[in-house]
Amino acid sequence: MEHRMEKERGSRRLAGVLFTLGGGICWGISGCMGQYLFESRGVTADWLVSLRLVGAGLLLLLTGFFAEGKDLFAIFRSRRDALSLVTFSVFGMLLCQFTYFSAVQYSNAGTATVLQTLSPVLILGVYCVRERRGPRRAEAAAIAGALLGTFLLATHGDLTGLALTPQGLGYGLGAAVGAALYTLLSSGLLARGYSTWTVVGFGMLFAGVLLSALVRPWNTRVTWDGGLLLLLGGIIVVGTALAFSLFLKGASIVGPLKASLLGSVEPVTAILVSAAVLGAKFTGWDAAGFALILGTVSLLSLPKRAAGQREGKADEQ
């Protein structure tokens, strides 16, 4: 009996790992789909993000309604929480999504995804300020590694110029800020007992409606055909709804610490797919920068167990 129970626990852990990896891989592929649309169809980030947010938000809310029923709308019974949701939608969800896909547009999916993973360094800075302390030794090493990795990506070791376009670097760093705000602003709502379906679903829908009102994607001239619909559907369904569902299911089994480490498969996937399929060129300097930044994420994940998962990380893609 004990052997059987241990075998079942092992199978469950393996399923959790596979679910988590599957979610990260879907997110990485989503960025590459966006890169292909920018390069081959001439669409812009604001057009793509507005459609993605509205479509994915509706899909997640529909799924959440089947899972939770009327509890999905409980957040609107509290004026304070509803305002917090709107704040998260604008300064967390919209900023994170728009800057990320803009970074993809002006660089490539691999570089944009790695730059976005700098967000834990920014979150660390917020906690240091809140707690009125300096970074600990491991944290200081992680910060130094992140800065060096960003420097290598941006300059390839040459102080006289940028290897990335200014827009690519700027939006990539903006994506890190957006991802940090996404995590910080959503954590309070999640801690008050609202589901991720509610927070992320309504966050996406509100952000998408706002961006659509500003950019009016229906006025953008695009060639609608099967290929465009397939890629757009892939970004919405595979890169958002499926990725979100798989990652959350996996995280509920393996725990947030291991999930955050397994989530590093997202930038790795984006790098490999953008290089192998989309022809993106990476140098040894890029590889060194990627390694330093991803190593930083792993290093900062380790103390979270002792910190009791204070930041309550919610997923940003």
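## Aromatic pairs

The structure, a predicted model, contains 12 aromatic pairs. Rings of Phe, Tyr and Trp (its six-membered ring) pair if their centres lie within 6.5 Å; planes under 30 degrees apart are stacked, over 60 edge-to-face, and the rest tilted. For Trp47 and Trp224 the ring centres are 5.8 Å apart and the planes stand at 50°, so this pair is tilted. The pair joins distant parts of the chain, 177 residues apart: Trp47 lies in helix 2 (residues 45–68), and Trp224 in the loop between helix 8 (196–215) and helix 9 (226–254). Helices here are DSSP runs (H or I, at least four residues), numbered from the N terminus. Trp47 has 1% relative accessibility and counts as buried, whereas Trp224, at 47%, counts as partly exposed. Buried means under 20% relative accessible area, exposed over 50%, and partly exposed in between (1.4 Å probe, protein chains only).

Phe282 and Phe290 have ring centres 5.4 Å apart and planes at 75°, so the pair is edge-to-face. Phe282 is partly exposed at 25% relative accessibility; Phe290 is buried at 6%. One aromatic cluster is formed by Phe65, Phe73, Phe76, Phe202 and Phe206. At Tyr127, the charged end of Arg130 sits over the ring, 5.4 Å from its centre (the criterion is NZ of Lys or CZ of Arg within 6 Å of the ring centre and within 35 degrees of the ring normal).

## Nonpolar cores

A nonpolar core is a set of buried Ala, Val, Leu, Ile, Met, Phe, Trp, Tyr and Cys residues joined through side-chain atoms within 4.5 Å. The largest one has 49 residues, of which Leu48, Met93 and Phe101 touch the most other members. At least two residues of this core come from each of helix 1 (2–40), helix 2, helix 3 (79–106), helix 4 (109–116), helix 7 (166–191), helix 8 and helix 9. Helix 3 supplies the largest share, 9 residues.

Leaving aside neighbours within four places in sequence, Phe101 is in contact (heavy atoms within 4.5 Å) with Ser30, Gly34, Phe38, Ala45, Leu48, Val49, Arg52 and Ile235. A second, separate core has 17 residues, among them Leu118, Leu124, Leu164 and Ala176.

## Helix 11 and Ile271

Helix 11 (residues 265–276) contains Ile271. The helix has 12 residues and reaches 16 Å from its first C-alpha to its last, close to the 16 Å expected at 1.5 Å a residue; the expected span is 1.5 Å times one less than the number of residues. Its buried residues are Val265, Glu266, Pro267, Thr269, Ala270, Ile271 and Ser274.

Ile271 has a relative accessible area of 14%. Beyond its neighbours within four places in sequence, Ile271 is in contact with Gly110, Val114, Phe282 and Phe290. Ile271 and Phe282 are 11 residues apart in sequence, and their C-alpha atoms are 8.7 Å apart in space.

## Confidence and conventions

The pLDDT, the predictor's confidence in each residue from 0 to 100, averages 85 over the protein, and 92% of the residues score at least 70. Among the elements, helix 3 has the highest mean pLDDT (94) and helix 10 (residues 256–262) the lowest (67). Residues 303–316 have pLDDT below 50; this stretch has 29 contacts in the model beyond near neighbours in sequence.

Residues are numbered from 1 along each chain as its sequence is written, and side-chain values use heavy atoms, with hydrogens and water left out. In this predicted model, local features need pLDDT of at least 70 and side-chain atom pairs count only at pLDDT 80 or more, while totals for chains, interfaces and linings use all residues.
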